[in-house]
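User: I am new to this structure and would like to learn how its features are read. Please give the general idea each time, and then the case at hand.

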Amino acid sequence: MSLLRGNPAARRAVGLVLLAVAVSVACVFLGRWQWHRHVARDAAIRLVEQNYSAEPVPLDELLPAPGSALDPADVWRQATVTGTYDADATVLLRNRPVDSQPGFHVLVPLVQADGSVLVVDRGWVAWDDDASGEIEVPAPPPGEVTATVHLRPDEAADPRSAPAGQVQAINVGQVLAAGGSDAESYGGYGGLVDESPAPAVALGSLPAPSTDPGSHLSYAFQWWTFSVGSLAAFGWLARRELLEGAEAARGGDGGAGSPGGPGTPRPSRRRRTSDEDAEDALIDSQLG
């Protein structure tokens with residue numbers, strides 16, 4: 001510590017090294033964070049590719065009874081379910097644009113023979129670009145309907161309020177409460193693929209899930225490159241501080257070998273021979 005007190009260059013070098021370590025560690029953790037996001041995104045894409053186009057199965061094979069939660073491995077699986085739409089319990093999902101178009105998703109309970117319901121996202125209706133106009137929702141097909149849906153897990157309840165008949169998330173409990181239904185349901189809902197018979201006026205189709213992996217992997221390697229680069233850059237700066245400090249110390253200690261010190265031989269000055277001097281010397285040599 002006494003060496004650092006008397007050596008400003010050493011203090012600066014140590015500070016640069018500590019800064020390098022801090023920046024490098026931060027970059028390592030940021031890289032790990034992006035790596036884990038890449039791994040999670042990759043797993044989600046594999047699930048979509050495995051399940052989205054799989055053959056439909058009856059609903060009770062994936063959700064055996066009301067209250068059942070959807071197995072994470074079955075997300076995006078297709079299921080068929082038969083029942084009657086409860087049009088009076090229709091609820092609109094807010095703040096879920098499709099392809100940047102403002103609109104509402106139309107959520108309708110499909111009542112099965114045993115009285116239990118599956119909440120079905122039947123599609124979406126566009127709203128005005130300035131989100132100011134009235135919304136007209138086409139009616140679902142009447143009578144018994146057989147629907148094919150992509151199963152999705154129940155979303156977390158949203159604490160935000162919404163106008164009557166609307167919700168902020170596809171949380172089955174909130175959807176049924178907003179529609180005035182007290183029927184039993186499942187820990188999941190269905191995104192409509194098709195329904196038979198077809199409705200008189202079709203809603204906008206739900207978009208397919210994205211399989212874009214994003215840039216998480218490249219970001220991870222960029223952060224790790226910054227980690228190594230920060231060590232190299234700050235290490236070089238610290239070394240330069242030490243070298244410059246040592247050079248300054250040698251120049252100011254007045255010791256032997258230092259410029260201006262007592263042990264330093266003074267360079268001899270040689271007078272430059274002019275042309276006239278050379279000519280005089282030549283004449284003198286001839287006369288002699």
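Analyst: Helices and strands are DSSP runs, a helix having at least four residues and a strand at least two, and they are numbered from the N terminus. In this predicted model, Phe-29 is found in helix H2, which spans residues 8-51.

User: Is Phe-29 buried or exposed?

Analyst: A residue counts as exposed when its relative accessible area is over 50% and as buried when that area is under 20%. Phe-29 has a relative accessible area of 55%, so Phe-29 is exposed.

User: Which residues make the nonpolar surface patch?

Analyst: Nonpolar side chains are joined into a patch when they lie within 5 Å, provided that their residues have over 30% relative accessible area and no salt bridge. Here Val-17, Val-21, Val-25, Phe-29 and Leu-231 make a patch of about 430 Å². Helix H2 gives the most to this patch, with four residues.

User: How many aromatic pairs does the structure hold?

Analyst: There are three aromatic pairs. In one of them, the ring centres of Phe-221 and Trp-224 are 5.6 Å apart and the planes stand at 85 degrees, so this pair is edge-to-face; the cut-off for that class is over 60 degrees. Phe-221 and Trp-224 are three residues apart in helix H5 (residues 216-252), and therefore about one helical turn separates them. Both surfaces can be read as well: Phe-221 is partly exposed at 46% relative accessible area, and Trp-224 is partly exposed at 27%.

User: Which class of aromatic pair do Trp-223 and Phe-226 form?

Analyst: Trp-223 and Phe-226 form an edge-to-face pair, with 5.7 Å from centre to centre and 85 degrees between the planes. About one helical turn separates Trp-223 from Phe-226, because they are three residues apart in helix H5. Trp-223 is partly exposed at 28% relative accessibility, and Phe-226 is partly exposed with a relative accessible area of 45%.

User: Which residue lies over the face of Tyr-85?

Analyst: That residue is Arg-122, at 5.3 Å from the ring centre of Tyr-85. For an Arg, the distance is taken from CZ and must be within 6 Å.

User: How many salt bridges does the structure hold?

Analyst: A salt bridge needs a side-chain nitrogen of Lys or Arg within 4 Å of a carboxyl oxygen of Asp or Glu. The structure holds seven. One of them joins the side chains of Arg-12 and Glu-241 at 2.8 Å, N to O. Arg-12 lies in helix H2 and Glu-241 in helix H5, so this pair ties together parts that are 229 residues apart in sequence. Arg-12 is partly exposed at 43% relative accessibility, whereas Glu-241 is buried at 17%.

User: Where does Gln-166 lie?

Analyst: Gln-166 lies in strand E7, residues 166-167. The relative accessibility of Gln-166 is 17%, so Gln-166 counts as buried. Beyond neighbours within four places in sequence, Gln-166 is in contact with Val-91, Leu-92, Arg-94, Phe-104 and Ala-178.

How values were computed. Residues are numbered from 1 along each chain as its sequence is written. This is a predicted model: local features need pLDDT of at least 70, side-chain atom pairs count only at pLDDT 80 or more; totals for chains, interfaces and linings use all residues. Side-chain values use heavy atoms; hydrogens and water are left out. Rings of Phe, Tyr and Trp (its six-membered ring) pair if their centres lie within 6.5 Å; planes under 30 degrees apart count as stacked, over 60 as edge-to-face and the rest as tilted. Buried means under 20% relative accessible area, exposed over 50%, partly exposed in between (1.4 Å probe, protein chains only). A charge sits over a ring if NZ of Lys or CZ of Arg is within 6 Å of the ring centre and within 35 degrees of the ring normal. Patches are made of residues with over 30% relative accessible area and no salt bridge: like charges are joined within 9 Å, nonpolar side chains (Val, Leu, Ile, Met, Phe, Trp, Tyr) within 5 Å. Accessible areas come from the Shrake-Rupley method with a 1.4 Å probe; for residues, only the protein chains shown count as cover. Contact means heavy atoms within 4.5 Å.
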